[in-house]
Amino acid sequence: MNRAVVPGTFDPITAGHVDVIQRAAQIFDEVVVCVAKSVKKNPMFDLDTRVALSTEALSHLPNVTVRCFDGLLVDCCREVDAHVVVKGLRAATDFEYEFQMTALNYQLSPDLETFFIMSPPKFMYLSSSILREMASMGGTITGFVPPCVEKALHEAFADAYADKDGSSQR
Ligand code: COA
């Protein structure tokens with residue numbers, strides 16, 4: 001069984017993440033999406049919500065499962081018995097950080113390989129934080145996030161929209 005882990009904070013999962021995971025699912029027998037607690041990033045969505053949204057967004061992929069983890073990525077990979085980590089690369093700016101992470105993970109677990117998948121141009125400029133910001137200001141995010149995430153972001157910022165409408169009518 002050729003099993004790969006796709007780790008991330010997924011706060012929230014975007015169309016760019018789904019694209020990378022779909023590509024991984026065509027290459028590996030099984031893909032385990034591991035949603036990190038990432039306390040230091042102070043996520044907007046709690047861990048259960050990030051797992052639930054990711055699970056719904058990926059439900060069309062039969063060989064993909066979603067779980068959460070807290071702690072080292074190498075330990076999570078050992079737990080799920082995966083020897084490959086898949087990361088998405090959007091632009092050259094991602095490279096240095098990914099290079100550092102990969103080098104450290106090699107130190108921690110020499111038999112863990114990191115496999116990079118390039119995002120297509122239409123997703124290269126996406127990030128979770130830019131989409132949260134767009135949603136918070138009432139910008140259109142259709143097509144940039146799965147429908148369940150669009151709904152969750154709209155609900156989360158509903159009060160902000162109401163305030164904005166109120167102030168624009170004043
Ligand atoms: N499409 C859209 N956005 C993407 C993307 C893609 N294909 N790939 C990355 N991103 C964005 C994310 O949306 C996120 O954007 P934001 O910061 O604006 O919200 C950003 O890139 C970073 O993504 P994130 O999911 O936080 O991943 P990361 O590369 O920072 O790594 C972990 C997160 C969980 C994999 C990493 O922190 C980790 O391994 N933690 C475990 C602890 C550990 O083992 N540490 C030692 C490692 S050596």
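Trainee: How much space lies in the largest cavity?
Mentor: About 40 Å³. Keep in mind that this is a predicted model.
Trainee: And how many cavities of 30 Å³ or more does a search of the whole structure find?
Mentor: The search finds 1.
Trainee: Which residues line the largest cavity?
Mentor: Leu73, Val85, Lys87, Glu98, Met101, Thr102, Asn105 and Thr114. By type, that lining divides into 3 nonpolar, 3 polar and 2 charged residues.
Trainee: Which element supplies the largest share of that lining?
Mentor: Helix H4, residues 92–108, with 4 residues. Strand E4 (84–89) also supplies at least two.
Trainee: What gives the most to the pocket lining?
Mentor: H4 again, with 8 residues. E1, H1, E4 and H5 are also among the elements that each supply at least two.
Trainee: How does the pocket lining divide by residue type?
Mentor: It has 17 nonpolar, 14 polar and 9 charged residues.
Trainee: OK, now the ligand. Where does it sit?
Mentor: In the largest pocket.
Trainee: Which residues come nearest to the ligand?
Mentor: There are 26 residues around the ligand, and Thr9, Lys41, Leu73, Ser128 and Ser129 come nearest. Leu73 also lines the largest cavity.
Trainee: What does Leu73 put 2.8 Å from a ligand oxygen?
Mentor: A polar backbone atom. For Ser129, a polar side-chain atom lies 2.3 Å from an oxygen atom of the ligand. His17 has a side-chain N or O atom 3.5 Å from a ligand oxygen.
Trainee: How much of the ligand's area does the protein bury?
Mentor: Taken alone, the ligand exposes 960 Å², and the protein buries 80% of that.
Trainee: Which helix gives the most to the shell around the ligand?
Mentor: H4, with 5 residues. Strand E1 (3–8), helix H1 (15–27) and helix H5 (128–136) each supply at least two.
Trainee: And how do the shell residues divide by type?
Mentor: Into 10 nonpolar, 11 polar and 5 charged.

How values were computed:
Residues numbered from 1 in each chain as written. Predicted model: local features only at pLDDT ≥ 70, side-chain atom pairs only at ≥ 80, totals over all residues. Heavy atoms only, no water. Near = heavy atom within 4 Å. Polar contact = N/O pair within 3.5 Å; in protein donor to acceptor, adjacent residues only side chain to side chain. Areas by Shrake-Rupley, 256 points an atom, 1.4 Å probe, with all protein chains shown as cover. 1 Å grid on protein atoms, 1.4 Å probe; cavity = no way out; pocket = protein on both sides within 12 Å on 5 of 7 lines; lining within 4 Å. Sits in = over half its atoms within 2 Å of the grid points. Nonpolar A, V, L, I, M, F, W, Y, C, P; charged D, E, K, R; others polar. Points joined across faces, edges and corners; volume = space filled by probe spheres on them.
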